[in-house]
Amino acid sequence: MRQAAPIVCTLLLLGAGTAKAQGFNLKAPIATQPTLVTGVGQSADIEMVKVLLNRGKVVFKADPQAKAGALAATGSKSLVLVIGGSSKGLGAAGISAEVDIERAKGLVAEARKLGLKIIGLHVGGEGRRGQMSDKFITGAVPLCDYVIVVATGNKDGLFNQLCGKGRIPLDSVEKIANAGAPLLKAFK
Amino acid sequence: MELNRLHLSNRNLNLVLLAILVTVCVYVTPGYLAMRRPDALRQGPGVTRIAHLSDWFADIKGTAGDTDVYILDSGKPGGSALILGGTHANEPAGYMAAILMLENAVPLQGRLYIIPHANASALTYTDPMEGVPREFTLQASSGKRVFRHGSRATSPMHQWPDPDIYVHASSGQQLSGSETRNLNRAYPGRADGNFTERIAYAITSLIRKDGIDLTIDLHEAAPEYPVINAIVAHERAMPTASGAILNLEIEGVVMGLEPSPATLRGLSHRELGDSTATLALLMESPNATQGRLRGRTDEALILTGKDSQYVRGQKLGRLFVPYDEKGWPLHLRVARHVGGLQAIFTAHAMNAPERSIVLGGVPTYDELATKGLEPFL
Amino acid sequence: MSLVYQILVILAALVVLAELLSEKSIKFKLQAALVLLPLVLRALKIA
């Protein structure tokens with residue numbers, strides 16, 4: 001937020017209105033359709049992202065536990081990681097947090113090999129933070145090419161820190177419903 | 001104390017005690033029996049037929065498990081939905097939302113079925129030792145309205161005694177014996193099962209025979225219960241539930257999403273989703289009256305949800321919903337359910353336009369939250 | 001409540017009633033009366 005403050009002040013001075021008017025930090029689309037949506041932490045948030053993609057008419061396949069070996073066969077041209085841990089979700093899947101992080105890392109490595117762009121989303125807000133979720137956040141966010149976060153999940157600036165001062169474009173939205181706009185803009 | 005000190009013969013004392021016993025019985029009986037009189041519900045402008053649950057399973061006809069099924073048919077093609085209120089009759093926002101819908105909704109597309117008191121037997125008594133009021137009163141626009149406040153499970157008058165362990169028939173899952181009378185552990189039910197299983201079977205039969213697209217079971221939970229202010233959805237209903245949550249979020253209503261656990265059996269969102277073609281969902285709102293931390297339990301607690309112990313619980317970080325001095329009033333809990341229902345119907349219409357259910361006449365979340373229930377009842 | 005259990009409750013109520021009538025101590029008589037109350041209400045299917 002500290003980095004953003006001068007920009008916001010400048011915009012206000014220029015009469016540009018609210019911070020919303022500054023647009024998104026991702027300036028040009030990076031990802032190609034169809035995309036593969038997977039969960040990192042097995043939370044139900046993946047369902048919300050599927051709705052956003054559906055409403056935006058993005059062509060996608062969803063597999064909460066997609067594995068590296070199966071990525072090429074899906075024909076996906078990009079990867080969407082829905083980040084946030086759920087002990088219930090992991091329990092239902094019968095896997096540990098560590099196993100899921102390793103799966104995600106393997107999947108990302110395979111995606112890189114295939115030249116796919118990776119978009120990370122954290123839409124669970126404050127409720128999807130804490131010891132369990134932070135493991136997935138710190139593990140997955142630095143691997144992304146673009147990250148969208150619902151603001152209440154980034155009150156402590158963890159995402160800014162992980163995205164490394166602009167190294168990875170990061171966009172913050174107030175509500176899950178608002179995550180649709182930057183997400184769709186990320187697709188060509 | 002010896003008898004001679006009371007200067008009464010043994011015979012006379014027996015007579016005195018028996019007279020007291022009879023007097024107490026006569027005094028308390030009308031209160032118990034009053035709970036068996038059905039609440040007077042207004043037939044709303046959209047109601048086209050009032051059926052009985054026994055129409056789908058004749059075995060429960062004439063029993064305390066038979067209950068009214070209000071059908072609101074637009075006469076126009078579309079989908080069908082079933083709203084279940086009063087699965088647990090001590091969760092008033094659930095059945096009040098169902099009542100509010102049947103008294104106000106006008107179907108514009110598709111068919112709506114409403115069972116305001118899914119477990120009618122549970123509404124005929126209150127739990128012993130809980131000190132919960134038997135009824136609550138609203139000064140509604142149509143006049144003074146009194147609504148009963150019942151219990152979580154089927155009355156022991158209608159199903160008793162409980163076994164030590166309740167074995168869910170189709171899965172073999174074992175639960176505490178008292179769950180034998182819990183309708184939301186009895187699905188999909190059995191035609192030859194216990195009384196509660198037969199009520200569940202009747203509801204399942206309705207869903208199957210009438211091809212219900214969406215079933216929404218309206219509940220409440222104690223503020224210290226982790227699944228709260230949430231929609232619980234069967235996996236097939238996930239796109240509808242998540243779409244509804246986004247629709248609600250746009251309106252400023254925060255609702256969580258909980259996948260129906262595959263291993264917890266007997267619940268509506270699991271069994272109705274597994275054993276019928278319906279999309280099964282369940283909604284929860286926060287209700288202090290059924291919570292363990294509550295203090296004084298009276299009508300005001302039902303209506304306002306104000307409870308200093310819950311405010312304390314929130315400060316100690318023990319709750320799963322925000323809780324302050326404003327409490328969680330009944331009208332706000334009903335607003336969440338009614339807003340949730342409309343959001344679910346909208347999401348369903350987006351996913352399956354040819355199976356849309358469109359309703360007019362239903363107050364919005366904001367209207368209910370600001371004006372209360374009274375203008376709409 | 002099945003007829004079998006109603007009969008059992010009636011039997012239990014009769015046993016307690018007999019105790020109430022035959023007991024000499026007023027304390028035990030009162031105790032029996034208190035036990036009898038819910039049994040009567042249950043046997044009559046009131047509560």
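Biologist: What makes R129(A), D134(A) and D156(A) a network?

Modeller: In this predicted model, salt bridges link R129(A), D134(A) and D156(A). A salt bridge puts a side-chain nitrogen of Lys or Arg within 4 Å of a carboxyl oxygen of Asp or Glu. By this rule there are 25 salt bridges over all chains. Residues are numbered from 1 along each chain as its sequence is written, and chains are lettered from A in the order in which they are written. Local features need pLDDT of at least 70, side-chain atom pairs count only at pLDDT 80 or more, and side-chain values use heavy atoms, with hydrogens and water left out.

Biologist: How do you know that D100(A) forms a salt bridge with R103(A)?

Modeller: The closest N and O atoms are 2.9 Å apart, and the rule asks for within 4 Å. So D100(A) and R103(A) qualify.

Biologist: Why is D100(A) called buried?

Modeller: Buried means under 20% relative accessible area, exposed over 50%, partly exposed in between (1.4 Å probe, protein chains only). D100(A) has 0%, so it is buried. R103(A), at 12%, counts as buried too.

Biologist: What makes K113(A) exposed?

Modeller: Its relative accessible area is 69%, and exposed means over 50%. Its salt-bridge partner is E110(A), at 3.6 Å, N to O. E110(A) is buried at 18%.
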